[in-house]
Amino acid sequence: MTTSPDAAAPENTPRVKDRPWVMRTYAGHSTAEASNALYRTNLAKGQTGLSVAFDLPTQTGYDPDSPLSRGEVGKVGVPVPHLGEMRKLFSEIPLTEMNTSMTINATAMWLLALYQVAAEEQNPDLDPAEVAAQLAGTTQNDIIKEYLSRGTYVFPPEHSLRLIADMIAYTVHQIPKWNPINICSYHLQEAGATPVQEIAYAMCTAIAVLDQVKASGQVGDEDFEKVVGRISFFVNAGVRFVEEMCKMRAFVELWDEITRERYGVQDPKMRRFRYGVQVNSLGLTEAQPENNVQRIVLEMLAVTLSKGARARAVQLPAWNEALGLPRPWDQQWSLRLQQVLAFESDLLEYDDIFDGSPVIQAKVDELIAGAKAEIDRVQAMGGAIAAVDSGYMKQELVSSHARRRAAIEDGHEIIVGVNKFDTTEPSPLTADLDGAIQVADPAAEQAALASVEAWKAQRDQTAVDAALARLAEDAKTGTNLMHATLAAARAGATTGEWAGVLREVFGEFRAPTGVAGAVGVAEAGAELTAVREQVKATGDELGGRLRLLVGKPGLDGHSNGAEQVAVRARDAGFEVIYQGIRLTPEQIVAAAVSEDVHCVGLSILSGSHMELVPAVLEGLKAAGMGDVPVIVGGIIPDSDGKRLTELGVAAV
């Protein structure tokens, strides 16, 4: 085991500490002005980087005035429909001095263009190329995991990869300090991935992206090492922190091997596994939510304890994220957790404390062997894109998640406060449940609508039309789309217009749900057997098998819960109709009518339940199906739940 040179220094001699990781808080809500105030407050509290959350219309390429944006504007992030809102978002924040992470994927190219132009406007005395060269940060830009888990994809896989490759080539040449892609295994774990699957599917994504960049011919051999060196990762860390720490060491070893052997990267610095992390949100509980604090701390240790596999940036969820949107105080608490570890503890004074441990290395070797076997399976299918198209990876994740859920149900996996030690004293943290979370500004949608209307009224429409026409032409050829995108941003195009042009050229895509082939339970215990008997008896009484429609209205792509409900309902004997994500209330009603269902279940985690659920209820009533029970699940405050029940929802 290695120790630092000053390990034997006298007790009163201060040790030399490593530099801490970048400390971020994932934030953005309601309006650009409100988010800007939050960012400046967080920076004043010692946060060392920004992590921007965009709302779902921005993530999926719609303007606030699109019918699909109804109820979603400003709910899970900040709306940025045009350059004016990007200016407001970073007002008084010097972008050439900032390290900004943007959680954006399908529309990543567009948001980077808006960010670059906003930075140019902040520095009118500098040449735009000089400004670009100073920008530092990350765009997530991993579309493959969107097809598998998060659901904010727009275009078909091959066109999405083209956008990613164009961005990477542009940034390598023009914004050399920017990480143009953050390969994101975080959401894979949220969707049920085991550590082996998380490593394997992230590496398969990296291989697909790097192969695409190489095949595009936009980056010469002499610059390809720079491409590899700018690839970063965004990972998840669960509460099994020893295994999770070993997973990070496995990531480091495997990435070094792949970049050296597959891509011939000679410079060890360019082969370094650079990653940021948000620790696990899947394991946060609504029951006894105070337990989430210790979960978050343990998960943070998984990505900081091992110096050789330490995260470059960390953002932590807040204790109350299973209840709703965290308040500024909750985010401050999570930031302070990081600061105590970095500045009060002695963690950063030592070399890697796990080097030489046979127990740790055995676990790392086991994870690497499993990941290599799964990588080989995916590559034999034709790679990550082929495994998305076939539904293989999605089906594997849904099945893995079903196994985890079953382990929780039968008590093999213990969740403190949920399936064990569930007696509790009244919590002062949740005495006022509605006051324990941030409420999205109800005026945000109207403000965004007004902003788009005013923006369009003052711009040069001829210039916008010309820029969008150029974008369409370039999309039909092999031209790098970043240049036309920058021109559209400078001309004043909107997020929806940029995405709309590319939708027309590229088409849209619906990813496989993974539910049809997912494995639920092989054998039913007494409890499930009793439910099956009730389901059959009720079906016989009504003259056929009970049919359940599971619907995902709105732009919310978090489908993991809905998929598990669908799989479990099928286990219980229901015929399940599940058509995937991003459906309008009208489409859900039409499906309920055509399938003549006995029950409708709606899953909404974006906070848009008060707009979308009543629309489904009204549609069912108008279609003569007002007596069909509607059940709603999601992150729904008590007061909203009571109101939905009053409106006719059978259960929340």
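Q: What share of the contacts in the chain with a separation of 6 or more comes from residues 24 or more positions apart?
A: Quick background: this is a predicted model, where local features need pLDDT of at least 70, side-chain atom pairs count only at pLDDT 80 or more, and totals for chains, interfaces and linings use all residues. Residues are numbered from 1 along each chain as its sequence is written, and side-chain values use heavy atoms, leaving out hydrogens and water. A contact here means heavy atoms within 4.5 Å. Among contacts in the chain with a separation of 6 or more, the share from residues 24 or more positions apart is 80%.

Q: How much of the chain counts as buried?
A: Buried means under 20% relative accessible area, with exposed over 50% and partly exposed in between (1.4 Å probe, protein chains only). Of the 652 residues, the buried part is 57%.

Q: Is N292 buried or exposed?
A: N292 sits in helix α12, residues 291-302. Its relative accessible area is 0%, so N292 is buried.

Q: Which residues does N292 touch, not counting those up to four places away in sequence?
A: V416 is 124 residues from N292 in sequence and 9.9 Å away in space, C-alpha to C-alpha. With residues up to four places away left out, N292 touches G283, L284, T285 and W319.

Notes
Helices (H or I, at least four residues) and strands (E, at least two) are DSSP runs, numbered from the N terminus.
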